[in-house]
Amino acid sequence: MEKMSRVTTALSSNTISGKTMFCHLDAPANAISVCRDASQVVVAGRNIFKIYTIEEEQFVEKLNLRVGRKPSLNFSCADVMWHQMEENLLATAATNGAVVTWNLGKPSRNKQDQLFTEHKRTVNKVCFHPTEVYMLLSGSQDGLMKCFDLRKKESVSTFSGQSESVRDVQFSMKDFTFAASFENGNVQLWDIRRPDRYERMFTAHTGPVFCCDWHPDDRGWLATGGRDKMVKVWDMTTNRAKEIYCVQTIASVARVKWRPEKRFHLATCSMMVDHNIYVWDIRRPFIPFATFEEHKDVTTGIVWRHQHDPYFLLSGSKDSTLYQHMFKDATRPVDKANPEGLCFGLMGDLAFAAKESLINSDTNRKPYPGGDRRNPLFFFKKTDPTEQFAHVSSALTIYQTGLDSNNMDWFVSTAQRYLLTGKPFAELCDHNAKVARELKRPQVSTTWTMLRIMFSDPANLPAAGLNHSLSKLGSLPLMNSFSLKEMGSGLASESRLERGKGDSRQDNIHLETGNSHISNNNEENEETEGSDGPAECMFGDAELDDDDLYSMDHENQAEEQEYTLPQEGFQLRHEIVDNPSAPEHFQQDKADSPHVSGNEAEVPCLTPIESFSLISISQPLFTHHLPASFFCPIVREMLSYYAEQGDVQMAVSVLIVLGEKIRREIDDLTQEHWYMSYIDMLQRFELWNVSNEVIKLSTCSAITCLNQTSTTLHINCSNCKRPMSSKGWMCDRCHQCASICAVCHHVVKGLFVWCQGCSHGGHLEHIMNWLKSSAHCPAGCGHMCEYT
Amino acid sequence: MMEVQDQESLGRWDRLGSRDLSTRLEAMEIISQEVTRKVEAIGPLTSSPPATGTVLSSDLNDILAHLLMLSKRCPFEDVRERCIQLLQEVQDLGVRIPRPLGNGPSRFIPEKEILQVSKVDSRTQSIFEDAFAALGRLDNISLVMGFHPQYLESFLRTQHYLLQMDGPLPLHYRHYIGIMAAARHQCSYLVNLHVNDFLQVGGDAKWLNGLGEAPQKLQQLGELNKILAHRPWLITKEHMEALLKAEEHSWSLAELIHAVVLLTHYHSLASFTFGCGITPEIHCDGGHTFRPPSLSQYCVCDIANGNGHANQHDDQLDDQDMCGEVEVLMERMKQLQECRDDEEASQEEMATRFEREKTESMLVVTSEDEECVPSRDISRHFEDPSYGYKDFSRRGEHVPTFRAQDYSWEDHGYSLVNRLYPDVGQMLDEKFQMAYNLTYNTMATHKDVDTSMLRRAIWNYIHCMFGIRYDDYDYGEINQLLDRSFKIYIKTMVCSPEKTTKRMYESFWRQFQHSEKVHVNLLLMEARMQAELLYALRAITRYMT
């Protein structure tokens, strides 16, 4: 309250008001400064030096100080300062090293008062003493600071920092101390009366310290900003300068200015890249308290309009504008920020902090299973009501992981127990479905079952053995092409044949599940979609009778798949092809059979055994082609779904089991990506065997080559101890056989076992036998070899 | 099999860089076995000299050349000795061994003046060892820079980081960009060096046939390379935009910064190479010969190098002739220091002085000799070989003066580079400062001289040639301090370094030490690099805002 009253007294004489507004300058500004009563602002730059009055609604140009036909470099200002006591007095720092003072009270057009050309290099900063009227301080690139008495023609004292260029000088508010910041990161403190040496020096930043500012109230506080993107606040009252606050910004800090009447606030702007002006609460160094985002190019000068009013900020910029920012119009990044934090602990615990209101609104949710140690901590500091911070009290919740929640056992055992190859498709599906069911993953289990239904046919199971052998046939594609061509005409009879077969087999499990599924579908969706169509054809009785519909579907099919089908017919059994159990002699028989059975009408004239097998051939061929390709889009979606859910295991397993049925539907990159992820996971769980199997079974070339890498083993010759460069068993240096068995003296081509003690060895078997009877090395070196 | 061979032969020298003595000896042992094997493979040598042209012998020759290089340049004494011994052994077997062409790393500086690898202080030794470990060689540039170990350290650290450490560009791109930049100045020395490196990091040899064979992305960089090398003031944000927004071939900002730093680094390094007359590396083409030495025992290079007797005499004459040059210069500096306050030039006068210096620098005739056509070999790496440094005024182009105070390295350039390519800003900053502030307070034979004025004059003169003006500098000083022959040298070296001749090198600052001339070269190199960087970075900044 006391503070407030002081503010009002300070402002009472001339209450300032206004709005956010700007005006165009003719040229980029380098610095700005306000006069004491906050009614005028001076803007200085390389090509501009003007005074504007700040009115209620606008800036009005009052005076152009750049006069003369050919303005000299003395007008090219790096910095400007308006005297805070003498309202007619200004000082500028020129880029050519001149320090110029200006007297607005002069009657002539040229207001230039004094010119000091003592500095050899650019003057970066000028500063009037806040209370001593005639005292002016300058800091220059030449590493010197000079103090001028305006009543004299030259400087009264020179301070040599003995380090590098001076970037900023600032008088302390009340005494004769001033701070100087340097390009090499140092800050020095000087007493103006003692030019011989500095009182204190410390390194504030890495790289140049571009700016510094004394706190207007707290005497010992000095804020510095540097190229290292930091703003630091130093307490200078102690013996050693102590860093008490540090704000990390996103770009080098060009200017820093304490906000009047707000003890912990300061404004900064950047020299490069970032154009905004930030006001920070130094106690909250992570998010700016307020942001002004108006400028289109870097802000070069900021100044609070009145030294006791925290709500008006003026700024000049390289984009040639002068702005008055109202604090109420500032952006508050805090409002947009989510005051939430999330972190995993070492043991998988999860800590979550969120706004209390968020948590509370959610109170009637179910308590979390498994050790929900909810532990609300309130971050909360009651501060004086003038603080405008959005005080968020957050609740911190810690979730302990239950034993099972992120347990990956299911992954491991699934990986180990899944069968990916080596059995007929349907059996693989069944097996995997069973595995999934046992691991309590019903959805996955159902998926496997569904897959089996989609991609195999009822007749397949009993005829599995035959199909195996058939699949060896080189002429299968030919056969397929037959059936393809005939599809249009022979459809009806075929379908009936098939149906008859299916019925007679009583192989109803699939039919039943299929039917129930489809009838559900029908109920939900009267107009069946393309992909459902064939399914119905296959299992739905009603539709089967409808020949028109059926044949129509088939015509479409035949057209579209003229190329794909023959291939599929062959590759369908891709994994079975690997099965070595097929008897050779079958091939001959079966090779002929398609020709014979090319026309279904001829079926009866074959031998009973043959006809049986033929029927079973024609059925799977027929039923496969149609539904399989129709299902592909669904299966593709399903795979993507699983992959996106994080169950890449499922996606890859299905991919392998389905093989060619689905492979072509999914683009190679995606497949490769899935494979890679799965293999990576497997290897993390040290499931090397499974991982290798997956690599082996994958069809992506990028994956299969994985286990071809780093398979080279470099060996040294056992005689001359040099690398064996050539292939083979001879060392081409000493021309002897390397790796000779110590027992039989033959070259070991295969498993070579050797003693790590004496490095002799040989055939595994020989060594084993030898060591049964003797404890010494077979080479006779006398070493007591051990075999475990 | 061939592949394996290549791998092996490339990796062969790596372990010689180890600081561990036994590792080096082991590596040397393997090499010597290999050499023996190869010598045997060539067969009986008694009769004719090894048939050149066969793969085997050319392979062997490469190895021998490398051994020769190591025997002279390896910072490890044991390796040097072993190499000499090995070469001797091979020679005894009747194989013709190479000998270095020319003496020493520089054509301009007598070998005896340059640091001997065998006689350096421990600090330099350690720097050399690091460099050797990193690159497997100690190049002539490093040896010449060895006059100024503090700088060399900073230089090598930066270069190593640019080429081998974390960065947005792949390794072979970096070397290729180096080749592009060096080729702009027809600097075959740097091109050769980096062609080897480029291949070693797995670059596609096809790219070396010309920029046209390189990926589109690199081709696009050609334009920037060209302008940056010769007329950096013409770079606009549109150039940057064209690179950054080229759809699938576009550069990212970080990559672009990396590329720009590399380009400027190699442009300026080319200046240094020519300015100091760096000779080809011993193991590269033109660095050695298998021909027997001529009867006179001196090849042309020796004489040109000041190693012959004839030249010595001339030098002494010259010395007497030019006596007092240094003193005059020092006197001028002193005067400038003193009377600075007395006669204060008007602002107009200052501006005119800058303009005059700028214009005059244009008139300094650089090409004493006829327009030399770049050799085919090098010119294929860039396009438009006729594009060269063009003076501001001569062609009537009006180029606005670049005000250093508006965009300086310290305030702006550094922040931009460090933001997009972390740590490099810091390294470049240190390197610039090192070059700018380096002094031993000596001038020729005089001690305790404050040379800052002279260094600043040189630095600012170079920036002035690029149109960069410092408000707080009186360009009249340049005229006082830098005489005409020096200006010719600077101008040539910075703008068309390939035209630098030994005569130019010798005709300026005759009484100064070679180390001081190298120092000048460092200043020129860094000032040029900074000037180019400033233009490029300003354009990028403008693009970003």
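These notebook entries record what I looked up in a predicted model.

**Entry 1: confidence**

I began with the scores for the complex, for which the predictor gives an ipTM of 0.70 and a pTM of 0.62. I then turned to chain B, whose mean pLDDT is 75. In that chain, 76% of the residues reach 70 or more.

I asked where in chain B confidence is lowest and where it is highest. It is lowest in helix H13 (residues 300-304) of chain B, at a mean of 39. It is highest in helix H12 (residues 253-275) of chain B, at 90.

I next looked up stretches of chain B with pLDDT under 50. One of them covers residues 295-321 of chain B, for which the model has 30 contacts beyond four places in sequence. Another covers residues 391-396 of chain B, with 15 contacts in the model beyond near neighbours in sequence.

**Entry 2: cysteines**

I searched for disulfides over all chains and noted zero.

**Entry 3: helix H18 of chain B**

How many of the 12 residues of helix H18 (residues 409-420) of chain B are buried? I noted nine, and the helix is mostly covered. Among the buried residues are Trp409(B), Asp411(B), His412(B) and Tyr414(B). The list also includes Gly413(B), Ser415(B), Leu416(B), Val417(B) and Leu420(B).

I then looked up what the buried residues of H18(B) pack against. In chain A, they pack against strand E14 (166-171) and strand E18 (209-214). In chain B, they pack against H12, helix H19 (424-437) and helix H24 (514-544). I recalled that H12 of chain B is also the helix where confidence in that chain is highest.

**Entry 4: a sheet in chain A**

I traced an open sheet of four strands in chain A, in the order E1-E28-E27-E26, and the pairing is antiparallel. Which strands stand at the edges? They are strand E1 (21-24) and strand E26 (299-306) of chain A. Each has a single partner strand, so one side of each is left without a neighbour in the sheet. Neighbouring strands of this sheet are turned by 15 degrees against each other on average, direction ignored.

Lastly, I examined one pair of strands. E26(A) and strand E27 (residues 309-317) of chain A pair in the antiparallel sense over six bridges. Here Gly301(A) stands opposite Gly316(A) in E27(A).

Definitions and conventions
Residues numbered from 1 in each chain as written. Chains lettered and ligands numbered in written order. Predicted model: local features only at pLDDT ≥ 70, side-chain atom pairs only at ≥ 80, totals over all residues. Heavy atoms only, no water. pLDDT = per-residue confidence, 0-100. Helix = DSSP H or I, 4+ residues; strand = E, 2+ residues; numbered from the N terminus. Contact = heavy atoms within 4.5 Å. Disulfide = S-S within 2.5 Å. Buried < 20%, exposed > 50% of the residue type's maximum accessible area, 1.4 Å probe, protein only. Pairing = 2+ DSSP bridges. Axes fitted to C-alpha atoms, helices over the stretch in contact; angles between N-to-C directions.
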